[in-house]
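The points can be read in order.

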Amino acid sequence: MGIGLHNNSMKYTPAQDNIMSVLSANIKEDGAYMIPSAATAKERQDMMKSMEGKPWASVIYHSSMSGDMTMRFIRGFLVNFFLVISLIYMLTRGGTPILRRVVSGSVAFGLAAWLWTFYMGHIWADLPWHMITADLIDSIVAWALCGIWLGWWLNRPGNRAAPVSA
Amino acid sequence: MKKWIIGSLVGAIIVFAWQALSWMMLDLHKAEHKYTPAQDQIMSTLNAANLDDGTYVMPNSAPDATREQQEKVWKNNDGKPWAMVVYGKAASADMVTPMIWGFVIDLLLVILMISILVRGGLPSFIGIFTGCIAVGVFSFLWGPYMMHNWYQVPWSSISAHLYDAIIAWGLCGLWLGWWLRRPVNP
(Lines give C-alpha, C1' and ligand atoms only; values in the text may rest on other atoms or scores of the structure.)
Protein backbone atom coordinates (compact mmCIF):
# COMPACT_ATOMS: atom_id res chain seq x y z
CA MET A 1 0.00 0.00 0.00
CA GLY A 2 2.57 2.59 1.11
CA ILE A 3 5.59 2.11 -1.17
CA GLY A 4 3.71 0.12 -3.84
CA LEU A 5 6.44 -2.53 -4.23
CA HIS A 6 3.81 -5.04 -5.35
CA ASN A 7 2.24 -2.77 -7.97
CA ASN A 8 3.91 -4.73 -10.76
CA SER A 9 3.11 -8.16 -9.30
CA MET A 10 -0.10 -8.40 -11.29
CA LYS A 11 -0.47 -7.15 -14.86
CA TYR A 12 -3.45 -5.47 -16.49
CA THR A 13 -4.95 -6.45 -19.83
CA PRO A 14 -7.55 -4.37 -21.72
CA ALA A 15 -9.10 -7.71 -22.77
CA GLN A 16 -10.10 -8.51 -19.19
CA ASP A 17 -13.86 -8.04 -19.70
CA ASN A 18 -13.92 -10.50 -22.58
CA ILE A 19 -11.74 -13.01 -20.70
CA MET A 20 -13.85 -12.72 -17.53
CA SER A 21 -17.09 -13.28 -19.41
CA VAL A 22 -15.68 -16.45 -21.01
CA LEU A 23 -14.40 -17.68 -17.64
CA SER A 24 -17.69 -16.92 -15.88
CA ALA A 25 -19.70 -18.65 -18.58
CA ASN A 26 -17.59 -21.79 -18.60
CA ILE A 27 -16.18 -22.38 -15.12
CA LYS A 28 -18.81 -23.74 -12.78
CA GLU A 29 -16.69 -24.30 -9.68
CA ASP A 30 -14.27 -22.01 -7.82
CA GLY A 31 -10.69 -23.26 -7.85
CA ALA A 32 -7.35 -23.43 -9.66
CA TYR A 33 -7.27 -24.81 -13.21
CA MET A 34 -4.32 -25.78 -15.39
CA ILE A 35 -4.98 -25.24 -19.09
CA PRO A 36 -4.54 -27.36 -21.08
CA SER A 37 -4.92 -30.37 -18.84
CA ALA A 38 -6.64 -33.75 -18.99
CA ALA A 39 -9.17 -35.61 -16.91
CA THR A 40 -6.81 -38.45 -15.89
CA ALA A 41 -3.16 -38.61 -14.74
CA LYS A 42 -2.25 -40.92 -17.66
CA GLU A 43 -3.69 -38.48 -20.21
CA ARG A 44 -1.88 -35.58 -18.50
CA GLN A 45 1.42 -37.44 -18.73
CA ASP A 46 0.84 -38.26 -22.40
CA MET A 47 0.00 -34.68 -23.34
CA MET A 48 3.15 -33.17 -21.75
CA LYS A 49 5.36 -33.72 -24.80
CA SER A 50 2.76 -32.41 -27.21
CA MET A 51 2.52 -29.20 -25.17
CA GLU A 52 6.10 -28.15 -25.96
CA GLY A 53 6.17 -24.62 -27.40
CA LYS A 54 2.40 -24.11 -27.13
CA PRO A 55 0.58 -21.56 -24.96
CA TRP A 56 -0.49 -22.55 -21.45
CA ALA A 57 -2.24 -20.91 -18.53
CA SER A 58 -3.01 -21.41 -14.89
CA VAL A 59 -6.31 -19.85 -13.80
CA ILE A 60 -7.56 -19.25 -10.28
CA TYR A 61 -11.24 -18.43 -10.52
CA HIS A 62 -13.67 -17.17 -7.87
CA SER A 63 -17.33 -16.58 -8.60
CA SER A 64 -17.58 -13.87 -5.95
CA MET A 65 -14.96 -11.40 -4.79
CA SER A 66 -14.90 -10.43 -1.14
CA GLY A 67 -13.71 -6.87 -0.65
CA ASP A 68 -13.58 -7.33 3.11
CA MET A 69 -9.99 -6.82 4.22
CA THR A 70 -10.53 -6.98 7.99
CA MET A 71 -10.35 -10.77 8.32
CA ARG A 72 -7.35 -10.90 6.00
CA PHE A 73 -5.51 -8.36 8.12
CA ILE A 74 -6.35 -10.26 11.32
CA ARG A 75 -5.23 -13.61 9.87
CA GLY A 76 -2.16 -11.99 8.34
CA PHE A 77 -1.15 -10.51 11.69
CA LEU A 78 -1.76 -13.79 13.56
CA VAL A 79 0.36 -15.68 11.04
CA ASN A 80 3.14 -13.10 11.34
CA PHE A 81 2.97 -13.40 15.13
CA PHE A 82 3.32 -17.18 14.87
CA LEU A 83 6.19 -16.77 12.39
CA VAL A 84 8.15 -14.61 14.81
CA ILE A 85 7.58 -17.18 17.58
CA SER A 86 8.93 -19.85 15.18
CA LEU A 87 11.91 -17.64 14.36
CA ILE A 88 12.79 -17.12 18.03
CA TYR A 89 12.32 -20.85 18.64
CA MET A 90 14.68 -21.70 15.76
CA LEU A 91 17.33 -19.16 16.58
CA THR A 92 17.60 -20.04 20.26
CA ARG A 93 17.82 -23.85 19.83
CA GLY A 94 21.44 -23.76 20.93
CA GLY A 95 21.28 -20.69 23.23
CA THR A 96 20.83 -17.00 22.42
CA PRO A 97 23.05 -15.81 19.54
CA ILE A 98 24.64 -12.35 19.52
CA LEU A 99 22.82 -9.47 17.73
CA ARG A 100 24.69 -9.84 14.43
CA ARG A 101 23.92 -13.57 14.31
CA VAL A 102 20.25 -13.04 15.13
CA VAL A 103 19.98 -10.52 12.25
CA SER A 104 21.76 -12.75 9.72
CA GLY A 105 19.80 -15.79 10.92
CA SER A 106 16.54 -13.90 10.54
CA VAL A 107 17.45 -12.84 6.98
CA ALA A 108 18.49 -16.42 6.19
CA PHE A 109 15.10 -17.55 7.48
CA GLY A 110 13.25 -15.11 5.19
CA LEU A 111 15.42 -16.01 2.23
CA ALA A 112 14.90 -19.74 2.86
CA ALA A 113 11.12 -19.25 2.97
CA TRP A 114 11.19 -17.32 -0.33
CA LEU A 115 13.39 -19.93 -2.02
CA TRP A 116 11.27 -22.86 -0.82
CA THR A 117 7.99 -21.30 -1.95
CA PHE A 118 8.12 -18.52 -4.54
CA TYR A 119 11.40 -19.43 -6.23
CA MET A 120 10.45 -23.11 -6.39
CA GLY A 121 7.20 -21.92 -7.98
CA HIS A 122 9.31 -20.01 -10.51
CA ILE A 123 11.37 -23.11 -11.31
CA TRP A 124 8.58 -25.67 -11.50
CA ALA A 125 5.41 -23.69 -12.28
CA ASP A 126 6.95 -20.83 -14.29
CA LEU A 127 5.73 -18.14 -11.88
CA PRO A 128 6.99 -14.96 -13.59
CA TRP A 129 9.78 -12.84 -12.07
CA HIS A 130 7.59 -9.74 -11.95
CA MET A 131 5.26 -11.66 -9.61
CA ILE A 132 7.91 -12.85 -7.14
CA THR A 133 10.57 -10.10 -6.98
CA ALA A 134 8.62 -7.92 -4.53
CA ASP A 135 8.17 -11.01 -2.35
CA LEU A 136 11.96 -11.45 -2.30
CA ILE A 137 12.40 -7.83 -1.16
CA ASP A 138 9.69 -8.39 1.49
CA SER A 139 11.36 -11.59 2.70
CA ILE A 140 14.73 -9.92 3.15
CA VAL A 141 13.72 -6.47 4.43
CA ALA A 142 10.88 -7.53 6.75
CA TRP A 143 12.96 -10.27 8.40
CA ALA A 144 16.08 -8.11 8.61
CA LEU A 145 14.10 -5.44 10.49
CA CYS A 146 12.56 -8.11 12.71
CA GLY A 147 16.06 -9.57 13.26
CA ILE A 148 17.42 -6.19 14.39
CA TRP A 149 14.61 -5.92 16.94
CA LEU A 150 14.98 -9.51 18.14
CA GLY A 151 18.78 -9.25 18.25
CA TRP A 152 18.50 -6.33 20.62
CA TRP A 153 15.56 -7.65 22.64
CA LEU A 154 16.72 -11.24 23.11
CA ASN A 155 20.16 -10.08 24.22
CA ARG A 156 18.89 -7.72 26.90
CA PRO A 157 20.15 -8.78 30.33
CA GLY A 158 17.54 -11.11 31.79
CA ASN A 159 16.18 -12.23 28.37
CA ARG A 160 19.13 -14.39 27.29
CA ALA A 161 18.53 -18.15 27.09
CA ALA A 162 21.26 -20.38 28.42
CA PRO A 163 23.24 -22.39 25.83
CA VAL A 164 22.13 -26.00 25.40
CA SER A 165 24.61 -28.39 26.94
CA ALA A 166 25.61 -31.64 25.18
CA MET B 1 33.62 -27.82 7.09
CA LYS B 2 33.41 -31.41 5.86
CA LYS B 3 30.63 -31.99 8.40
CA TRP B 4 28.61 -29.14 6.87
CA ILE B 5 29.26 -30.25 3.27
CA ILE B 6 28.22 -33.87 3.82
CA GLY B 7 25.33 -32.82 6.07
CA SER B 8 24.05 -30.39 3.41
CA LEU B 9 24.52 -32.77 0.47
CA VAL B 10 22.70 -35.68 2.12
CA GLY B 11 20.04 -33.30 3.49
CA ALA B 12 19.44 -31.89 0.00
CA ILE B 13 19.13 -35.42 -1.43
CA ILE B 14 16.54 -36.26 1.26
CA VAL B 15 14.50 -33.10 0.58
CA PHE B 16 14.75 -33.55 -3.20
CA ALA B 17 13.77 -37.24 -2.95
CA TRP B 18 10.68 -36.34 -0.92
CA GLN B 19 9.69 -33.70 -3.49
CA ALA B 20 10.02 -36.28 -6.29
CA LEU B 21 7.96 -38.80 -4.29
CA SER B 22 5.33 -36.23 -3.46
CA TRP B 23 4.89 -34.90 -7.02
CA MET B 24 5.42 -38.07 -9.06
CA MET B 25 4.95 -41.31 -7.14
CA LEU B 26 2.50 -40.40 -4.36
CA ASP B 27 0.79 -37.75 -6.53
CA LEU B 28 -0.02 -35.66 -3.43
CA HIS B 29 -0.39 -32.57 -5.61
CA LYS B 30 -3.06 -34.00 -7.90
CA ALA B 31 -5.77 -31.77 -6.41
CA GLU B 32 -3.68 -28.65 -6.93
CA HIS B 33 -5.16 -27.91 -10.35
CA LYS B 34 -8.57 -28.90 -11.65
CA TYR B 35 -9.52 -29.85 -15.18
CA THR B 36 -12.24 -28.02 -17.09
CA PRO B 37 -13.79 -29.39 -20.30
CA ALA B 38 -14.09 -25.77 -21.46
CA GLN B 39 -10.30 -25.41 -21.63
CA ASP B 40 -10.15 -25.05 -25.44
CA GLN B 41 -12.54 -22.11 -25.45
CA ILE B 42 -10.76 -20.45 -22.51
CA MET B 43 -7.33 -21.01 -24.09
CA SER B 44 -8.41 -19.57 -27.46
CA THR B 45 -9.83 -16.50 -25.67
CA LEU B 46 -6.54 -15.98 -23.82
CA ASN B 47 -4.52 -16.46 -27.01
CA ALA B 48 -6.71 -13.98 -28.89
CA ALA B 49 -6.16 -11.40 -26.14
CA ASN B 50 -2.52 -11.11 -27.22
CA LEU B 51 -1.22 -11.39 -23.65
CA ASP B 52 2.45 -11.14 -22.76
CA ASP B 53 3.89 -13.83 -20.50
CA GLY B 54 3.01 -12.95 -16.94
CA THR B 55 0.46 -12.95 -14.15
CA TYR B 56 -2.79 -11.03 -14.55
CA VAL B 57 -5.49 -10.30 -12.02
CA MET B 58 -8.85 -9.38 -13.45
CA PRO B 59 -10.82 -7.22 -13.23
CA ASN B 60 -7.94 -4.85 -12.52
CA SER B 61 -7.50 -1.10 -12.94
CA ALA B 62 -5.36 0.26 -15.77
CA PRO B 63 -1.70 1.00 -14.87
CA ASP B 64 -2.27 4.78 -15.20
CA ALA B 65 -5.33 4.77 -12.91
CA THR B 66 -5.37 7.13 -9.95
CA ARG B 67 -5.75 5.83 -6.38
CA GLU B 68 -9.44 6.91 -6.46
CA GLN B 69 -10.05 5.02 -9.70
CA GLN B 70 -8.37 1.91 -8.26
CA GLU B 71 -10.56 2.08 -5.16
CA LYS B 72 -13.66 2.50 -7.34
CA VAL B 73 -12.78 -0.62 -9.37
CA TRP B 74 -12.17 -2.51 -6.11
CA LYS B 75 -15.55 -1.46 -4.66
CA ASN B 76 -17.44 -2.16 -7.90
CA ASN B 77 -16.07 -5.70 -8.04
CA ASP B 78 -17.30 -6.70 -4.59
CA GLY B 79 -19.43 -9.85 -4.97
CA LYS B 80 -18.55 -10.25 -8.65
CA PRO B 81 -16.37 -12.94 -10.28
CA TRP B 82 -12.62 -12.43 -10.44
CA ALA B 83 -9.61 -14.42 -11.60
CA MET B 84 -5.84 -14.59 -11.44
CA VAL B 85 -4.28 -15.88 -14.65
CA VAL B 86 -0.68 -16.94 -15.19
CA TYR B 87 -0.15 -17.06 -18.96
CA GLY B 88 2.81 -18.39 -20.94
CA LYS B 89 3.16 -18.23 -24.72
CA ALA B 90 5.32 -21.33 -25.00
CA ALA B 91 5.31 -24.27 -22.58
CA SER B 92 8.58 -26.05 -21.96
CA ALA B 93 8.58 -29.81 -21.41
CA ASP B 94 12.24 -29.73 -20.37
CA MET B 95 12.51 -31.23 -16.90
CA VAL B 96 16.29 -31.46 -16.66
CA THR B 97 16.97 -27.75 -15.99
CA PRO B 98 14.22 -27.44 -13.32
CA MET B 99 15.54 -30.61 -11.64
CA ILE B 100 19.11 -29.28 -11.53
CA TRP B 101 17.95 -25.89 -10.23
CA GLY B 102 15.60 -27.59 -7.79
CA PHE B 103 18.46 -29.62 -6.31
CA VAL B 104 20.80 -26.62 -6.13
CA ILE B 105 18.13 -24.66 -4.25
CA ASP B 106 17.52 -27.59 -1.89
CA LEU B 107 21.26 -27.69 -1.21
CA LEU B 108 21.34 -23.96 -0.49
CA LEU B 109 18.31 -24.36 1.79
CA VAL B 110 19.95 -27.07 3.88
CA ILE B 111 23.12 -24.95 4.19
CA LEU B 112 20.94 -22.04 5.36
CA MET B 113 19.11 -24.39 7.72
CA ILE B 114 22.33 -25.59 9.38
CA SER B 115 23.58 -22.01 9.53
CA ILE B 116 20.38 -20.89 11.30
CA LEU B 117 20.29 -23.87 13.66
CA VAL B 118 23.83 -23.54 14.99
CA ARG B 119 23.71 -19.75 15.47
CA GLY B 120 23.72 -20.01 19.26
CA GLY B 121 25.63 -23.30 19.57
CA LEU B 122 24.88 -26.89 18.57
CA PRO B 123 21.30 -27.77 19.62
CA SER B 124 20.13 -31.17 20.89
CA PHE B 125 18.80 -33.82 18.47
CA ILE B 126 15.22 -32.83 19.30
CA GLY B 127 16.15 -29.15 18.95
CA ILE B 128 17.49 -29.72 15.42
CA PHE B 129 14.55 -31.91 14.40
CA THR B 130 11.87 -29.52 15.67
CA GLY B 131 13.83 -26.53 14.37
CA CYS B 132 13.81 -28.01 10.85
CA ILE B 133 10.06 -28.59 11.03
CA ALA B 134 9.62 -25.02 12.28
CA VAL B 135 11.43 -23.73 9.17
CA GLY B 136 9.20 -25.89 6.96
CA VAL B 137 6.03 -24.60 8.60
CA PHE B 138 7.42 -21.05 8.51
CA SER B 139 8.03 -21.31 4.75
CA PHE B 140 4.54 -22.66 4.13
CA LEU B 141 2.93 -19.87 6.15
CA TRP B 142 5.06 -17.12 4.59
CA GLY B 143 4.43 -18.37 1.02
CA PRO B 144 1.38 -20.49 0.14
CA TYR B 145 -0.70 -19.58 3.20
CA MET B 146 -0.19 -15.84 2.67
CA MET B 147 -1.30 -16.36 -0.97
CA HIS B 148 -4.36 -18.15 0.40
CA ASN B 149 -5.02 -15.29 2.80
CA TRP B 150 -4.54 -12.35 0.42
CA TYR B 151 -5.37 -13.84 -3.00
CA GLN B 152 -7.77 -16.59 -1.94
CA VAL B 153 -5.63 -19.27 -3.60
CA PRO B 154 -7.77 -22.35 -2.86
CA TRP B 155 -6.87 -24.59 0.07
CA SER B 156 -6.88 -27.60 -2.30
CA SER B 157 -4.01 -25.92 -4.17
CA ILE B 158 -1.81 -25.40 -1.13
CA SER B 159 -2.51 -28.29 1.27
CA ALA B 160 0.06 -30.62 -0.36
CA HIS B 161 2.68 -27.89 0.11
CA LEU B 162 2.05 -28.08 3.86
CA TYR B 163 2.65 -31.86 3.84
CA ASP B 164 5.82 -31.33 1.79
CA ALA B 165 7.08 -28.63 4.15
CA ILE B 166 6.57 -30.75 7.27
CA ILE B 167 7.65 -34.14 5.93
CA ALA B 168 10.63 -33.07 3.80
CA TRP B 169 12.08 -30.87 6.54
CA GLY B 170 11.14 -33.37 9.24
CA LEU B 171 13.15 -36.08 7.46
CA CYS B 172 16.00 -33.65 6.87
CA GLY B 173 15.86 -32.73 10.57
CA LEU B 174 16.20 -36.39 11.59
CA TRP B 175 19.29 -36.70 9.43
CA LEU B 176 20.86 -33.42 10.57
CA GLY B 177 20.02 -34.13 14.22
CA TRP B 178 21.96 -37.38 14.02
CA TRP B 179 24.78 -36.22 11.73
CA LEU B 180 25.61 -32.87 13.30
CA ARG B 181 25.74 -34.41 16.77
CA ARG B 182 27.90 -37.44 15.95
CA PRO B 183 30.73 -37.50 18.52
CA VAL B 184 33.42 -37.88 15.87
CA ASN B 185 32.64 -36.36 12.48
CA PRO B 186 35.02 -36.54 9.54
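1. A salt bridge here is a side-chain nitrogen of Lys or Arg within 4 Å of a carboxyl oxygen of Asp or Glu. The model is predicted. By that criterion Asp52(B) pairs with Lys89(B), their closest N and O atoms being 3.8 Å apart. Asp52(B) sits in the loop between α2 and β1 (54-58) of chain B and Lys89(B) in the loop between β2 (82-88) and α4 (96-117), so the pair ties together parts that are 37 residues apart in sequence. Asp52(B) is partly exposed at 46% relative accessibility, and Lys89(B) is partly exposed at 43%.

2. The whole structure has two salt bridges over all chains. Between chain B and chain A the count is one: Lys34(B) with Glu29(A), at 3.3 Å between the closest N and O atoms. The pair joins two chains, because Lys34(B) lies in the loop between α1 (2-25) and α2 (39-48) of chain B and Glu29(A) in the loop between α1 (16-26) and β1 (31-35) of chain A. Lys34(B) is partly exposed, with a relative accessible area of 21%.

3. Chain B and chain A bury about 8,600 Å² between them, 68% of it on carbon and sulfur atoms. On the chain B side, Arg119(B), Phe138(B) and Trp142(B) lose the most area to chain A, together 10% of what that side buries. The contact involves 98 residues of chain B and 91 residues of chain A.

4. Across this interface, 26 residue pairs are in polar contact. α5(B) gives the most to the side of chain B that touches chain A, with 19 residues. That side divides into 57 nonpolar, 27 polar and 14 charged residues.

5. Strand pairing also links the chains: β2 (residues 56-62) of chain A runs antiparallel to β2(B), joined by seven bridges. Ala57(A) stands opposite Tyr87(B).

Key. Residues are numbered from 1 along each chain as its sequence is written. Chains are lettered from A and ligands numbered from 1 in the order in which they are written. This is a predicted model: local features need pLDDT of at least 70, side-chain atom pairs count only at pLDDT 80 or more; totals for chains, interfaces and linings use all residues. Side-chain values use heavy atoms; hydrogens and water are left out. Helices (H or I, at least four residues) and strands (E, at least two) are DSSP runs, numbered from the N terminus. Buried means under 20% relative accessible area, exposed over 50%, partly exposed in between (1.4 Å probe, protein chains only). Contact means heavy atoms within 4.5 Å. Buried area is the accessible area (1.4 Å probe) that two parts lose on being put together, summed over both. A polar contact is a pair of N or O atoms within 3.5 Å; within protein, one must be able to donate a hydrogen and the other to accept it, and residues adjacent in sequence count only if both atoms are side-chain atoms. Ala, Val, Leu, Ile, Met, Phe, Trp, Tyr, Cys and Pro count as nonpolar, Asp, Glu, Lys and Arg as charged, and the others, Gly among them, as polar. Two strands pair if DSSP finds at least two bridges between them.
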